[in-house]
Amino acid sequence: MANRIFRAVVLGPPGSGKGTISARIAQSFGLQHLSSGDFVRENISASTEAGILAKTYIDKDLLVPDCVMTCLLLPRLEQMTRHSWVLDGFPRTLAQATALNDTCSLDVVISLNIPLETLKERLRHRWIHPASGRVYNMEFNPPQVHGMDDISREPLVQRDEDKPEALVARLRHYKDIAKPVIDLYRSKGILHSFSGTETNKIWPYINSLITGKIPEVQGASQTLPLHSQEQ
Ligand SMILES: Nc1nc2c(ncn2[C@@H]2O[C@H](COP(=O)(O)OP(=O)(O)O)[C@@H](O)[C@H]2O)c(=O)[nH]1
Ligand SMILES: Nc1ncnc2c1ncn2[C@@H]1O[C@H](COP(=O)(O)OP(=O)(O)O)[C@@H](O)[C@H]1O
């Protein structure tokens with residue numbers, strides 16, 4: 001468990017492994033894992049005002065507007081001033097990065113550079129358990145029982161936005177809006193970029209980066225829920 005507050009953000013296009021790597025960071029270092037996609041999906045399931053609004057954009061394969069995302073995310077982060085966390089999926093735009101900057105300071109920003117063909121292939125095989133946000137890949141981390149979540153045994157689904165026809169436009173759009181965010185964190189001196197086609201090969205480098213940033217971390221710690229609801 002970290003002895004001081006530590007905050008990391010993981011940036012990357014859809015399918016780059018933000019969720020997978022953030023879950024490993026959370027588990028290895030005892031941090032909370034916060035996922036913007038999960039927040040959005042929770043709000044859609046709960047039919048909150050923000051969730052209903054967000055769904056109208058997601059249904060059109062669009063990003064949720066900055067003001068909706070910041071209203072969803074920032075109050076949660078403000079409640080977690082005494083917790084260390086790793087955040088994936090936010091910020092995605094410069095406006096979100098600026099709003100985050102006004103709320104808290106970050107120790108590390110990890111940017112994942114994964115080739116386009118690899119992203120397409122991964123997302124084609126990505127299946128999720130909607131209720132928990134648990135993510136599977138039919139090749140990389142298949143479920144124990146085909147098509148079923150390992151814990152609840154409920155059916156897995158493929159998200160509409162992961163279907164091949166929606167993918168290329170999504171990935172192109174990511175590049176355009178991510179550049180100023182990456183430039184901002186590079187100028188602050190906290191950006192660390194990792195390239196490759198396999199999460200398992202990138203992971204040791206990320207692990208050693210974070211170990212170096214929080215030397216007081218006592219190695220692998222307790223297992224936490226991957227998609228934490230903690231306040
Ligand atoms: N084949 C393969 N799949 C991976 C690898 N790393 C992650 N995945 C899978 O690729 C998909 C996208 O990963 P995810 O963490 O959801 O990416 P995100 O959209 O950036 O959060 C998921 O189905 C993962 O299980 C890898 O190294 N190889
Ligand atoms: N920071 C954000 N800004 C705008 N929209 C977001 C943000 N995070 C999540 N969303 C919306 O929720 C959807 C699902 O998010 P996520 O699970 O992070 O998907 P992926 O990593 O596959 O893009 C996104 O496609 C987008 O519409």
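G89 sits in the loop between β3 (85-88) and α5 (94-103) of this predicted model; helices (H or I, at least four residues) and strands (E, at least two) are DSSP runs, numbered from the N terminus. Leaving aside neighbours within four places in sequence, G89 is in contact with V10, K18 and S36, where contact means heavy atoms within 4.5 Å.

A quick word on the ground rules: residues are numbered from 1 along each chain as its sequence is written, while chains are lettered from A and ligands numbered from 1 in the order in which they are written. Since the model is predicted, local features need pLDDT of at least 70 and side-chain atom pairs count only at pLDDT 80 or more, with totals for chains, interfaces and linings using all residues, and side-chain values use heavy atoms, leaving out hydrogens and water.

Now for the annotations. UniProt (unreviewed entry) puts a "binding site" at G15, S16, G17, K18, G19, T20, R126, V135, Y136 and T199. These residues are spread over 185 residues of sequence, yet they cluster in space, with a largest C-alpha distance of 14.4 Å. Another "binding site" annotation from the unreviewed UniProt entry covers residues including S36, G89, F90, P91, R92, R159 and R170. That set is spread in space too, up to 24.2 Å between C-alpha atoms. UniProt positions follow the numbering used here, feature names are shortened, and annotations may be inferred rather than shown by experiment.

| Residue | Relative accessibility |
|---|---|
| K18 | 8% |
| G89 | 9% |
| R170 | 16% |
| R126 | 17% |

K18 belongs to helix α1 (residues 18-29). Its side chain reaches the backbone oxygen of G12 at 2.9 Å, and beyond four places in sequence K18 touches V10, L11, G12, P13, D88, G89 and L112.

R126 is in strand β5 (residues 126-129), and R170 is in helix α7. Not counting residues up to four places away, R126 touches G15, V135, Y136 and R170, among others.

L116, L119, K120, L123 and R124 of α6 make the contact with P164, L167, V168, R170 and L171 of α7.

Technical notes: Buried means under 20% relative accessible area, exposed over 50%, partly exposed in between (1.4 Å probe, protein chains only). A polar contact is a pair of N or O atoms within 3.5 Å; within protein, one must be able to donate a hydrogen and the other to accept it, and residues adjacent in sequence count only if both atoms are side-chain atoms.
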